[in-house]
Amino acid sequence: MPRSNKSKKRSEEELQRFAAAMEAIDDGIFIVDRASMRLIHVNDAACRFRNQVREELIAIEPWVLAGMSRAELEETYDALITGHSDATPLETQRFGKDEAAVWVEIRRHAQLLQDGWTIVIMVRDISARKLAEAALHASEVRFRNVFEKAYTGLAIADLSGTLLEANECLAHLLGYTRQELVGMNIGHFTHPDDLAAERAFLEEIQAGKRDVYRMEKRYLSRQGDLLWVDLLVTAVPDEHGKPFETIGLILDITDRKRAETELRIAATAFDSDTAMLVTDADGHILKINKAMAESSGYSADEVVGRTPKLFQSGRHGEDFYRDMWETIRRTGRWQGEVWDRRKCGEVYPKWLTISAVVGTDGGVTNYIGSHYDISEQKKAEEKIEALAFFDQLTGLPNRTLLLDRLKQAMTSSGRSGRYSALLFVDLDNFKTLNDTLGHVIGDAFLTLVAQRLKSCVREVDTVARLGGDDFVIILSSLSASEAEAAVSTEAIAENILASLNLPYQLNEAIHHGTASIGATLFKGTRISSEDLMKQADLTMYKAKAAGRNTCHFFDPAMEIAVRERAALEKDFRTALDDQQFLLHYQAQVTSGQRMIGAEVLVRWQHPQRGMISPADFIPLAEETGLILPLGHWVLEAACKQLAKWAGQGEFDALTIAVNVSVRQFRQVDFVAEVLSVLKSTGANPSRLKLELTESLLVDNVENIIEKMFALKAKGIGFSLDDFGTGYSSLSYLKRLPLDQLKIDQSFVRDVLIDPNDAAIARTIVALADSLGLGVIAEGVETAAQRDFLEAAGCHAYQGYFFGRPLALDDFELLASRVPMPIQ
Ligand code: C2E
Ligand code: MG
Ligand code: MG
């Protein structure tokens with residue numbers, strides 16, 4: 001078949017040419033004859049692909065190479081031939097001979113040659129491209145993950161601020177879904193106050209003036225919450241380098257901002273005008289503010305690390321600080337007035353607040369102390385008080401304070417049972433002095449008067465000025481006895497008058513002044529303070545009317561009593577020298593009418609007034625101290641008598657009881673005095689009995705006991721006078737070297753009518769018995785009293801029933817008659 005041969009030859013030639021051209025191509029080329037379904041040509045590149053030599057490769061059936069069945073491949077080829085298959089390249093992973101996976105792109109096309117259809121298969125190695133593609137994809141996934149999963153808000157927006165993408169974190173922050181955010185403009189959720197600033201930034205990006213901006217701005221979430229964010233926006237350029245969109249990084253800094261605000265507030269508050277300091281839990285100072293530095297005088301450097309003890313003034317005791325910390329421990333807080341010391345040494349009052357700062361674990365982490373200085377306030381208060389309660393000229397209490405003090409004195413005198421006195425002092429002729437010498441001199445005079453008045457009274461007393469030349473004095477807690485209180489008042493008033501009588505040096509001139517005083521006594525609140533003031537005022541006018549420079553009492557009887565007393569005192573001073581005192585002897589007897597001795601009772605034979613009872617002058621003697629020489633005289637006289645009686649049959653055994661006053665016994669040298677009297681008179685100490693009263697036992701009892709023992713050791717006896725009227729402590733009684741209790745006459749008097757007195761009398765007898773002491777009843781006036789006492793167990797008596805106090809001669813007469821007659 002020449003034609004066929006010729007055409008075959010031509011076809012081969014054609015193929016050869018085609019093949020030669022193909023050798024130059026990098027792609028692998030396989031040519032399959034459709035009819036025979038055999039490879040008729042492969043190029044070098046194809047061999048390289050397959051890593052096979054041409055002969056080997058060409059022998060492989062194409063469907064084996066294609067990895068399918070022959071029928072499938074034929075179908076594929078036919079589709080190509082008939083144009084029913086698109087020419088889209090096929091990307092696939094093919095295996096080479098050595099099974100290496102290679103990504104290839106396969107293109108097939110049908111070519112009609114003279115001998116029929118051939119299928120040209122071009123295989124291109126696309127591994128490199130595939131690798132690059134895979135890497136790109138992986139990177140894309142990674143970045144998307146970063147974008148989507150980041151805990152930071154991320155958004156992509158166009159240059160007008162409309163979001164193109166937003167991540168979950170931002171969506172969550174703003175309260176929208178991601179889908180909702182896309183397409184939304186930043187103006188939708190940006191705080192109106194921050195929008196203009198951000199738009200300005202975006203414009204600058206658009207204009208190429210910047211490619212990044214950062215701002216702290218506020219968002220408003222969908223729920224309307226205010227959020228603070230730290231926003232970092234970067235421009236993304238297009239391929240020409242022109243910005244076309246932005247990436248925003250959004251950090252939620254709301255908490256930080258809130259903390260910052262709080263810190264700022266705290267810092268501002270800390271730097272306020274209130275002085276403040278902060279310590280750690282152990283009380284070491286960490287920080288002080290400016291006001292604290294100014295107030296204390298210490299700089300921060302000087303106090304940090306130290307404790308607030310540094311500021312203590314020493315005015316408060318340990319108890320104060322202990323209570324303070326106890327309160328802080330209990331309540332977490334303490335407030336109060338504290339006196340501290342500044343660096344310069346000045347002590348000042350401050351109002352201090354200490355608060356404990358508690359950490360999250362409930363423990364105290366710090367203490368904050370804040371204070372304000374109240375020294376000015378204190379000064380103002382004092383000034384106001386001074387204005388309200390004190391007289392500006394003299395500094396003395398004014399009427400308001402006087403009335404207040406008077407009411408207090410009234411109440412406390414009612415409680416204590418002691419009389420107090422109210423005195424109105426008016427300066428005689430002050431008006432004349434003021435008119436002639438002028439007010440300045442007048443004021444100077446009043447000031448001097450105020451000073452003199454104050455120096456005449458005790459600390460507890462009040463000297464006030466009502467105005468003008470009216471001064472008022474309260475003498476408080478004088479005496480339980482009205483008469484004694486009157487006497488004390490009179491004495492003080494006399495002293496005041498004397499003091500005011502002294503010359504005054506006034507501006508070169510010497511001035512003389514006198515005053516008139518009106519006094520009234522009070523105890524309790526029976527009369528009102530106003531009435532008391534009226535009484536004293538009225539009395540003062542009486543004193544003035546009576547000739548000035550005197551003191552008058554509101555109660556005329558008291559006036560007389562006081563005058564008499566003053567006169568008595570005057571006389572008393574001379575009575576001793578003039579030997580106006582004498583002793584009376586009162587018998588002390590036993591049940592069998594036997595006389596055992598006498599009590600000596602002093603009498604004052606006044607040249608004008610006649611015989612004066614000791615009840616009238618002993619208190620006066622005690623007050624003036626004249627009791628000492630008087631007591632000495634009595635003791636000496638009694639001892640002389642004892643010495644005289646010694647050896648005289650009927651009197652030899654008699655004892656003499658001598659009353660000893662408290663003041664006398666308390667004399668340091670009392671023991672020595674008694675012993676020396678005994679010695680000088682030669683009296684037998686065992687015949688001497690000292691009568692003491694319970695009031696001796698109120699204080700310094702050890703010393704009293706010591707003295708008693710010293711005297712007792714010499715044989716002197718002791719009787720406790722007026723027993724039952726005082727407050728003897730039984731424990732003391734046991735320790736005293738007593739010989740006898742003397743039942744007071746007040747119990748004896750009513751022993752038959754008052755069951756209480758009877759009971760007391762009996763009790764005293766029993767008590768004396770149990771203490772191993774003798775007992776004597778005084779003031780026995782009747783046989784019935786004597787009988788009662790005898791039945792009760794008392795066997796010694798003294799009283800008018802047996803004999804009145806008698807002058808010595810009469811007494812000796814009585815004593816010599818045995819048995820003693822009953823009076
Ligand atoms: P006193 O020591 O309790 O003396 C007893 C007082 O009772 C005496 O009063 C006496 O006269 C009185 N009296 C005696 N028997 C009776 C009686 O049956 N009925 C009544 N109604 N009274 C009777 P007098 O002498 O006025 O002495 C009063 C107080 O003066 C004494 O109380 C004594 O405390 C004190 N006193 C007297 N002489 C002295 C003395 O020399 N020195 C001291 N320090 N005080 C003396
Ligand atoms: Mg007596
Ligand atoms: Mg008595």
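What is the volume of the largest pocket? It is about 1400 Å³. Ligand 1 takes up space in this largest pocket. The model is predicted: local features need pLDDT of at least 70, side-chain atom pairs count only at pLDDT 80 or more, and totals for chains, interfaces and linings use all residues. Residues are numbered from 1 along each chain as its sequence is written, chains are lettered from A and ligands numbered from 1 in the order written, and side-chain values use heavy atoms, leaving out hydrogens and water.

**Ligand 1 and its contacts**

- The shell around ligand 1 holds 22 residues; Gln586, Asp721, Gln745, Glu781 and Tyr800 come nearest. A residue is near if one of its heavy atoms lies within 4 Å.
- Asn659 places a polar side-chain atom 2.9 Å from an oxygen atom of ligand 1. A polar contact is a pair of N or O atoms within 3.5 Å.
- Asp722 has a polar side-chain atom 3.2 Å from a ligand 1 oxygen atom.
- Tyr800 uses a polar backbone atom, 2.8 Å from an oxygen atom of ligand 1.

**Make-up of the shell**

- Strand S24 (595–606), helix H21 (614–624) and strand S28 (717–723) each give at least two shell residues. Helices (H or I, at least four residues) and strands (E, at least two) are DSSP runs, numbered from the N terminus.
- S24 supplies the largest share, 4 residues.
- The shell has 8 nonpolar, 7 polar and 7 charged residues. Asp, Glu, Lys and Arg count as charged; Ala, Val, Leu, Ile, Met, Phe, Trp, Tyr, Cys and Pro as nonpolar; the others, Gly among them, as polar.

**Largest pocket**

- A pocket is an open set of points on a 1 Å grid over the protein atoms alone, with protein on both sides within 12 Å along at least five of seven lines; lining residues have an atom within 4 Å of a point.
- The lining of the largest pocket numbers 48 residues, with Leu601, Asn659, Thr693, Asp721 and Asp722 nearest the centre.
- By class, this lining has 20 nonpolar, 17 polar and 11 charged residues.

**Second largest pocket**

- Its volume is about 440 Å³.
- Of 22 lining residues, Pro308, Lys309, Gln312, Trp325 and Ile354 are closest to the centre of the second largest pocket.
- Elements giving two or more residues to this lining include helix H13 (318–331) and strand S14 (347–358).
- Strand S15 gives the largest share, 4 residues.
- The lining divides into 12 nonpolar, 6 polar and 4 charged residues.

**Cavities**

- There are 2 cavities of 30 Å³ or more. In a cavity, a 1.4 Å probe fits but cannot get out.
- The second largest cavity has a volume of about 140 Å³.
- It is lined by 17 residues, and Ala157, Leu163, Ile186, Glu198 and Val233 are closest to its centre.
- Helix H9 (192–206) and strand S9 (226–237) are among the elements that give two or more residues to this lining.
- The lining of the second largest cavity splits into 12 nonpolar, 3 polar and 2 charged residues.

Note on methods: Polar contact = N/O pair within 3.5 Å; in protein donor to acceptor, adjacent residues only side chain to side chain. Sits in = over half its atoms within 2 Å of the grid points. Points joined across faces, edges and corners; volume = space filled by probe spheres on them.
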